[in-house]
Amino acid sequence: MTEPRTPVARLIGGTASLGGRPVLRGVDLTVRPGEVVALLGANGSGKSTLVRTLVGLVPLTGGTIELFGTPFARFRDWSRIGYVPQRTTAAAGVPASVREVVASGLLDGRRLFGPGREGRAAVDAALDAVGMRDRARDGIAHLSGGQQQRVLIARALARRPDLLIMDEPMAGVDLRSQEVLAGTLRGQQEQGRAVLLVLHELGPLEPLIDRAVVLREGCVCHDGPPPRAVGQHALPGHDHVHPHDDHTARHAGMGLLS
Amino acid sequence: MTILDFPFMQRALLAALLVGMTAPAVGVYLVQRRQAFMGDGIGHVALTGVGLGFLLSTSPVLTAVLTASVGAVLIELIRERSRVSGDVALSVLFYGGIAGGVMLINLAPEGSNANLQSYLFGSLTSVSPEDIRVITILAVAVLAVTLGLRRALFTVCQDEDFARVTGLPVRALNLLLAVTAAVTVTVAMRVVGLLLVSALMVVPVAVAQQLSRTFSMTAALAIVVGVLVSVSGTALTYYVDAPPGATIVLLAIGLFVLVGVLATPLNRRRARRAEAAAGEVDPPRIDDVRVDAEVPGAGTMAGQAPSVVVRPAPIEEAPR
């Protein structure tokens, strides 16, 4: 990770507004290959809007975005990005099975007709990764909130993304789903693939985070090692210190989750 | 003398068959993205097209296809732009469609209330050989889109934000679906009438989703139900003096209620099993009530399905 490589995502001086209200006010953000970056901040600080601008769901009013070194307007290689939107449910108005939802992650601008044999293997692998292979034929509406979240993660993982973007994947999920999430982060790290995730607080994922970017009122107020737990984050069990520049220490810290 | 010996009955049954297939094939996507009302809206707008056809003395089917397509694209653009306040704009468009149609038919030299009636409620036995040709071509086109692009349309209707980030041409697919729905409405107009078109798009889907856990099975079952009710409803009107459109829709609703009653024990057992499986890993959460309430089709007609049981998840009881 020491050699200079093209960032997988880069936002320079990004500004954006929602309904006329400025939400991002000049944000710089860089995600490098193989890096796990957590985006933190209070409600309304703009962290969700920031990831939504990166994937083109919210237009920038100023600044530039580059994805894999390509200016946003010319970027077409969406198969390299996996996106997990913030959802309370994965269900829509008609029943759908876990496998159907995960398989929908295989499509992109060049593949409108769905998976072949290779795609099926990718779906199986993604289902395994989130521990939902045995539920593949079940309807998603009957799954718990945490399980639905795992299905959404699998849908993004089926793309084998070089950049995985997750919006609040920890919101209201159970312990098992937290472990799955941690495993996902570890898997991406091992394959040299990047993750950008929006979190309300670091919590048990802290040992897996390479860098934390903290937003406050639409501006970056911290960009570096995960901040020390303070205030409500300093709950029992979270008072450990991780020297994040030290790789061995970081890996040792994973025992917490397994 | 059997029912199939009459050419007009042959045409009526063929039209019913095509409509029974196409309407649910499109409807399943509309229900999936909780827009069951869309068929209704397009039907209202299509009436202006019918009126235009009378006024210009051309084929009302042709002008209805064009007007309904323009209307559907407008509806789609309104929906895309304003997710919050769009419903008022849509209502205005729908009322405008009906009022415009009634006004234009009244202005037309050969227009009359009888004409209006046949488009509002269907007029199956007056389907001409020329109509059948048009209906067949349009139906083939609708099935080609809805079945050929099923994975892309599924992805877009399941989660539009996600679909945008996959690089799928979401807007093109949405507009294509809107135009396909408009074409379907005009195809079905002769059979069930503009006011009941939406029923044939939605009710078979509502029947099917009570019996199925997957999207593909729901779509397939909905088409079977659609064909079943439209063909049997049409055949029934040969023996009984009843309006075909209303007969078909009432048959579909009857089936919906029947399946609802019969499927309730099945669904309850299935839900309990799923909850038990979920309970193994999940602590009981307040959310579980909400997720349960969004069982297939909340916000659609099926939201009132007798089989949809809304209750908190009883985590402890794990039958086996």
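A salt bridge here is a side-chain nitrogen of Lys or Arg within 4 Å of a carboxyl oxygen of Asp or Glu. With that rule, a search over all chains of this predicted model finds 22 salt bridges. Of particular interest is the contact between chain B and chain A, where the rule finds 5 salt bridges. The points below start with chain B, move to the interface and its charged pairs, and finish with the cysteines.

**Chain B on its own**

- Chain B has 13 helices and 0 strands.
- Chain B has 320 residues, and 55% of them are buried.
- Among the contacts in chain B with a separation of 6 or more, 75% are between residues 24 or more positions apart.

**The interface between chain B and chain A**

- On the chain B side 44 residues take part in the contact, and on the chain A side 48 residues do.
- The two chains bury about 3,800 Å² between them, and carbon and sulfur atoms give 60% of that area.
- In chain B, the residues that lose the most area to chain A are B:F162, B:V165 and B:R213, which together account for 18% of what that side buries.
- Between the two chains there are 11 residue pairs in polar contact, with both residues at pLDDT 80 or more.
- Six helices of chain B each bring at least two residues to the side that touches chain A: α1 (7-32), α7 (150-158), α8 (160-166), α11 (215-239), α12 (244-279) and α13 (287-293).
- Which helix gives the most to that side of chain B? It is α7(B), with 6 residues.
- Sorted by class, the side of chain B that touches chain A holds 21 nonpolar, 12 polar and 11 charged residues.

**A:R87 and its two aspartate partners**

- The side chains of A:R87 and B:D159 form a salt bridge, with N to O at 2.6 Å.
- This pair crosses between chains: A:R87 sits in the loop between β6 (81-84) and α2 (98-103) of chain A, and B:D159 sits in the loop between α7 and α8 of chain B.
- Are the two residues buried or exposed? A:R87 is partly exposed, at a relative accessible area of 29%, whereas B:D159 is buried, at 6%.
- A:R87 also forms a salt bridge with B:D161, and here the closest N and O atoms are 3.9 Å apart. That distance still counts because the cut-off is 4 Å.
- The pair with B:D161 crosses between chains as well, from helix α8 of chain B to the loop between β6 and α2 of chain A.
- B:D161 counts as buried, because its relative accessibility is 10% and the limit for buried is under 20%.

**A pair within chain B, and a wider network**

- Inside chain B, the side chains of B:R79 and B:E76 meet in a salt bridge at 2.9 Å, N to O.
- B:R79 and B:E76 are separated by about one helical turn, because they lie 3 residues apart in helix α3 (residues 60-81) of chain B.
- Both partners are buried: B:R79 has a relative accessible area of 16%, and B:E76 has one of 0%.
- Elsewhere, salt bridges that share partners join A:R52, A:R87, A:R155, B:D159 and B:D161 into one network.

**Cysteines**

- How many disulfides does the structure hold over all chains? The count is 0.
- One example is A:C219, whose closest cysteine sulfur is in A:C221, 8.8 Å away and so too far for a bond. The cut-off for a disulfide is a pair of cysteine sulfur atoms within 2.5 Å.
- Seen from A:C221, the closest cysteine sulfur is the one in A:C219, again at 8.8 Å.
- Both of these cysteines are partly exposed, with A:C219 at 28% relative accessibility and A:C221 at a relative accessible area of 40%.

Definitions and conventions. Residues are numbered from 1 along each chain as its sequence is written. Chains are lettered from A and ligands numbered from 1 in the order in which they are written. This is a predicted model: local features need pLDDT of at least 70, side-chain atom pairs count only at pLDDT 80 or more; totals for chains, interfaces and linings use all residues. Side-chain values use heavy atoms; hydrogens and water are left out. Contact means heavy atoms within 4.5 Å. Buried area is the accessible area (1.4 Å probe) that two parts lose on being put together, summed over both. A polar contact is a pair of N or O atoms within 3.5 Å; within protein, one must be able to donate a hydrogen and the other to accept it, and residues adjacent in sequence count only if both atoms are side-chain atoms. Helices (H or I, at least four residues) and strands (E, at least two) are DSSP runs, numbered from the N terminus. Ala, Val, Leu, Ile, Met, Phe, Trp, Tyr, Cys and Pro count as nonpolar, Asp, Glu, Lys and Arg as charged, and the others, Gly among them, as polar. Buried means under 20% relative accessible area, exposed over 50%, partly exposed in between (1.4 Å probe, protein chains only).
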